[in-house]
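Below is a short briefing on one protein chain.

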Amino acid sequence: MNRLSKIFQPSLIIPKNAIVKNQDITSKSQRLMLEQGLIRQAGNGTFYILPLLQRSVQKAIDLVDYYMQRMAGAKKLTLPILTSADLWRKSGRLETAGGELMSTTDRHGKRQILGPTHEESVTALLAAISPVSYRQFPLRLYQISTKFRDEMKPRFGLMRAKEFLMKDLYTFDVGLDEARRTYDEVNEAYRALFETVGVPFVKVRGDTGVMGGSTSHEYHFPSEVGEDQLVCCSVCGMGCNQEMFDSSRPCERCNNDNIVRQAGIEVAHAFILEDKYSKALGAKFLHQNGKPETLQMGCYGIGITRLIAAGVEVLSSETEIRWPVPFAPFKVCLIPPKKGSKEETLVQPWLHKLEGEINKLVMVGSDIVVDDRTNLTIGKRLLDAKKTGYPVVVVIGPKAADEGDELFEIHNQTDETQKLLGFSETVKEIGRICS
């Protein structure tokens, strides 16, 4: 049983008429997460992920694991956080990556890069065991780990931090045609993943930039906070990052001039890298003819912590968090009567019965929290639950104490509706909202 009184959730209370001078709070999601005790700032661009948000992070990891393994056919591994600067020098990125690289020097004077991404590291792994038989390919390896980027101006909370959690998938194929097939399959897995997350998204062509390669697509949540400007065709949906857009040209797919511009938060990126890294670092496969040949690569990233924060940014109101339902720390919050009230004893059996029935729901399971801070009024706890954004809040109040006519107050936070329902209807409604 999850009890709210046992969860460490240090809310940040700002007096009603206080003048907030903290210029570090630059986004709605950052402010709401701070106020509700989901994060605390540790330093410039670094954050403590507190227990409620940690549940959301784990749910995001589990969801990404599912789509990477089941749809993309990828296998999970862990790469070292530290990568020799010599590898970055060989790939040509030590200079081009610029000041965003964070590094340390070991006791022998060797520079080590704290990886913002791991193309060099995973390619060195393949190079160390090359040439691998062509029968082993396609090879798709991914990890979910902490990454580092020395942002000149960290902002928007978890959306642009110096330390963040990212899923990075690296693919190896025996030819460019095979690499393109892999690219299509992984992008299809991305599409299914983002549809499950449930936040409106757009896929646009992107610049390969420092990463290199021949093809790139970005996934964005449209938002005024977004730092990227996107250009999309209103007819066929084709889009690109504005940095790649020739304003004198119509849509390259349908030749329409009706172009829409919008800001977006980038949450994922996909690249066909070709042989930029494999050639530089010597990652080869043994061809069917017995000769070693250079591997073709792709890389695919999803910012885990950014994905959660961006979803909260897009969906929330100014005062209440709205989660992408798959990432809500708990899907259902139950609020029993205040301690000492006349209905406290009368509704106690209903609380246990309701909790038991919800536990049986496939899409909800044990994803329930009871706000057992019964020293507080129902109204105060309901306000807190709405601010925290649990998709379903059920008040087991005075109306549930009416023998033979028990009613439960259901607050659906996804569409901001409220209903009074009997016990069986309440269970069904919870299942419907959370499915």
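Of the 435 residues of the chain, 50% count as buried, meaning under 20% relative accessible area, with exposed set at over 50% and partly exposed in between (1.4 Å probe, protein chains only). The model is predicted: local features need pLDDT of at least 70, side-chain atom pairs count only at pLDDT 80 or more, and totals for chains, interfaces and linings use all residues. Residues are numbered from 1 along each chain as its sequence is written, and side-chain values use heavy atoms, with hydrogens and water left out.

**Whole chain**

- The C-alpha trace spans about 80 × 50 × 45 Å along its principal axes.
- Among contacts (heavy atoms within 4.5 Å) with a separation of 6 or more, 68% are between residues 24 or more positions apart.
- The chain has 56 positive and 54 negative charges, and their mean positions are 3 Å apart. Lys and Arg count as positive and Asp and Glu as negative, while His and the chain ends are not counted; each charge is placed at NZ of Lys, CZ of Arg, CG of Asp or CD of Glu.
- The chain holds 11 helices and 23 strands, which are DSSP runs numbered from the N terminus (helices H or I, at least four residues; strands E, at least two).

**Strand S10 and its partners**

- In strand S10 (residues 163–173), 10 of the 11 residues are buried.
- Strand S9 (residues 139–148) runs antiparallel to S10, joined by 10 bridges; strands count as paired if DSSP finds at least two bridges between them.
- Glutamine 143 has aspartate 168 in S10 as its bridge partner.
- S10 also pairs with strand S18 (residues 296–303), in the antiparallel sense over eight bridges, and leucine 169 has tyrosine 300 in S18 as its bridge partner.

**The six-stranded sheet**

- Six strands form an open sheet with mixed pairing, in the order S1-S20-S19-S21-S22-S23.
- Its edge strands, S1 (2–3) and S23 (417–421), each pair on one side only.
- Strands S19 (residues 332–335) and S20 (residues 368–370) are parallel, with three bridges; leucine 334 stands opposite valine 370 in S20.

**Helix H8**

- Helix H8 (residues 304–315) has 12 residues and reaches 17 Å from its first C-alpha to its last, close to the expected 16 Å, which is 1.5 Å times one less than its number of residues.
- In H8, 10 of the 12 residues are buried, including Ile304, Leu307, Ile308 and Val312, and also Arg306 and Glu313.
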